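Hi,

Here is the structure I promised to pass on. Please have a look at it first, and then read my notes below.

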Amino acid sequence: MAAVKAKRMAVTAAAGAVFAVSLVLSVRFFRKSPHTLVEIVQDGTVIRTVDLSAAPDETIRIERRDGQSYNLVRIENGEIFVQEAGCPDQTCVHMGKLHSDALPIICVPNRLIIRFAEEDGT
Amino acid sequence: MSTRRTVTLAVLTGLALILFVLELRLPNLLPVPGFKLGLANIVTVYAVFRFSPKETALIVTARVLLGAMFSGNPSALIYSAAGAFCCLAGMIALRKILPAERIWLCSVIGAMLHNTGQTAAACAVMRSAAPAVYLPVLLAAGMTAGLFTGLTAQFLVKRAGAGNRNGRFG
């Protein structure tokens, strides 16, 4: 019985610790990125790099590899967001404009990532 | 497996699917890929404490497969399956050490494992560590949601008849 109790305590403590740590780490997501260079990544490869401070307004259509789905990525007034997606959940559209280093726009069904690039003299 | 048993499992699977579809209709509370309230998990938690691991696994497998079809998003199947089975394995291990008053904790840890599993699957599929950056937000939100679905399951286990752990009702 004591062994079970000890295990129970350990499990409770572990769950509490994970929750506390993730809560603290979540704060980063609300910080605005100082960067302007953005990468569009599909299937793990960078297919396009855009400098938001200099980019003209544009709509980029990105087909999924198998051609079954797509994303319309919009660049407008130095901001980037997904305007339209060919998937049912539309999470990437609801995410709105890219604003944080820690929170890239990810379209999981279409394997698309839009994120700030590390600016090291590119 | 007796007919009665098969039917009971089928009813629970149906219940889980109803909750799943209902949740699809709700507006997304947090625009983070992979975040869900996990209402269908109420049924899973209930089954973990009332049915055998094998029977619970049957319910979860059927729910994950049919859910992917009903949501019209079969490409998300691999993530939800990875999450659901990590969660299930963890909760089955936990049911031995957690009493009926701590079912909510089982659900919270299940949520944690679900989010970890789906993130790992997303990283593997996308061949990128990028999905992992969502993990802290997913965990904070998912564990909170897991607390409430867990409490719901806890009330259910307590009140749904005087059946024993093997699910004999009445």
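Let me start with two helices of chain B: H5(B) and H6(B) pack at an angle of about 145°, and their axes are 7 Å apart. Axes here are lines fitted to C-alpha atoms, for helices over the stretch in contact, and angles run from 0 to 180 degrees between N-to-C directions. Helices (H or I, at least four residues) and strands (E, at least two) are DSSP runs, numbered from the N terminus. The crossing of H5(B) past H6(B) is right-handed; a crossing is right-handed if the near helix is turned clockwise from the far one by less than a right angle, and left-handed if anticlockwise. Ala, Val, Leu, Ile, Met, Phe, Trp, Tyr, Cys and Pro count as nonpolar, Asp, Glu, Lys and Arg as charged, and the others, Gly among them, as polar.

A word on the basis of all this. This is a predicted model, in which local features need pLDDT of at least 70 and side-chain atom pairs count only at pLDDT 80 or more, while totals for chains, interfaces and linings use all residues. Residues are numbered from 1 along each chain as its sequence is written, chains are lettered from A and ligands numbered from 1 in the order in which they are written, and side-chain values use heavy atoms, with hydrogens and water left out.

Next comes H2(B), residues 41–50, where 10 of 10 residues are buried (under 20% relative accessible area, with exposed over 50% and partly exposed in between; 1.4 Å probe, protein chains only). Its cover includes H1, H3, H4, H5 and H6 of chain B. Asn41(B), in H2, counts as buried because its relative accessibility is 14%. Not counting residues up to four places away in sequence, Asn41(B) touches Cys87(B), Met91(B) and Ser107(B). The C-alpha atoms of Asn41(B) and Gly146(B) are separated by 8.3 Å, although the two are 105 residues apart along the chain.

The other helix pair to look at is H1(B) and H3(B), which pack at about 40° with axes 9 Å apart. That angle makes H1(B) oblique to H3(B) (under 35 degrees counts as roughly parallel, over 145 as roughly antiparallel, 65 to 115 as roughly perpendicular and the rest as oblique). Their contact has 11 nonpolar, 2 polar and 3 charged residues. One of the charged residues there is Glu55(B) of H3(B), which is buried at a relative accessible area of 7%. Leaving aside neighbours within four places in sequence, Glu55(B) is in contact with Arg5(B) and Leu9(B).

Between the chains, 31 residues of chain B are in contact with 33 of chain A. Together they bury about 2700 Å², 73% of it on carbon and sulfur atoms; buried area is the accessible area (1.4 Å probe) that two parts lose on being put together, summed over both. Ile97(B), Met126(B) and Tyr134(B) supply 22% of the area that chain B buries against chain A, more than any other three residues.

Finally, in chain A, Asp43(A) has a positive phi, near 50°, and is buried at 8% relative accessible area.

Best wishes

Technical notes:
Contact = heavy atoms within 4.5 Å.
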